[in-house]
Amino acid sequence: MKKFDWKPLLIAVLIPVVLIGGGTALATMGAMTEYGELNRPPLSPPGWLFPVVWNLLFIMMGIASYLVWKNGGSGRLTPLTIYGVQLVVNFLWSLVFFNMKSYWLAFAVLLVLWVLILVTIAMFAKVNKAAAWLLVPYLLWVTFAAYLNIGVALLN
């Protein structure tokens, strides 16, 4: 029986949690306070919920990428590249929405992100079904974020 190697899993989880989540937090300091002052659409969750949900999603994304890395063999490069691109777009959305306060442009970035997540899910599914399913909550959350983004754009 092979000994489980935690190092690749830990690296896969830390990439979205630290680089994207931590990077976003540093780049958009004070953003949740400002977000709380905006006119928001109905069903807007409290500000404290966003980092909780995002951290859970980032952990799930990291596990999914690990499963693709572990099971993808030579076919893992393209799915993991698309995964990496969507991580960068995820980070960019935060900068456009919170730092630039360009809500309509942020919505356009979010649409690109949504498509990239969908493509990532499809590509991950070819390698590992569990990896694909781990990204479904992410897609649903980004769909909800699109609703919130449109609401903020219309109300502010």
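Predicted model: local features only at pLDDT ≥ 70, side-chain atom pairs only at ≥ 80, totals over all residues.
Local features are reported at pLDDT of at least 70 and side-chain atom pairs at pLDDT 80 or more, while totals for chains, interfaces and linings use all residues. Residues are numbered from 1 along each chain as its sequence is written, and side-chain values use heavy atoms, without hydrogens and water.

**Core**

A nonpolar core is a set of buried Ala, Val, Leu, Ile, Met, Phe, Trp, Tyr and Cys residues joined through side-chain atoms within 4.5 Å; buried means under 20% relative accessible area, exposed over 50% and partly exposed in between, with a 1.4 Å probe and protein chains only. The largest such core holds 46 residues, and the members that touch the most others are Tyr35, Trp54, Phe97, Phe124 and Tyr138. Two or more residues each come from H1 (6–27), H2 (31–37), H3 (49–71), H4 (77–99), H5 (103–127) and H6 (129–155), with H6 giving the largest share, twelve residues. Helices are DSSP runs (H or I, at least four residues), numbered from the N terminus. Leaving aside residues up to four places away in sequence, Phe97 is in contact (heavy atoms within 4.5 Å) with Tyr35, Ser102, Tyr103, Ala106, Asn149 and Val152.

**Pockets**

On a 1 Å grid over the protein atoms alone, a pocket is an open set of points where a 1.4 Å probe fits, with protein on both sides within 12 Å along at least five of seven lines; lining residues have an atom within 4 Å of a point. Volume is the space filled by probe spheres set on the points, which are joined across faces, edges and corners. In the classes below, Ala, Val, Leu, Ile, Met, Phe, Trp, Tyr, Cys and Pro are nonpolar, Asp, Glu, Lys and Arg charged, and the others, Gly among them, polar.

| Pocket | Volume | Lining by class |
|---|---|---|
| Largest | About 550 Å³ | 20 nonpolar, ten polar, no charged residues |

Thr24, Met32, Phe50, Trp54 and Phe98 are the closest to the centre of the largest pocket among its 30 lining residues. H1 gives the most to this lining, six residues.

**Helix H3**

The 23 residues of H3 should span 33 Å at 1.5 Å a residue, and its end C-alpha atoms are 33 Å apart, which agrees; the expected span is 1.5 Å times one less than the number of residues. Its buried residues, among them Phe50, Trp54 and Ser65, pack against H1, H2, H4, H5 and H6. Just after H3, Gly73 takes a positive phi of about 55°.
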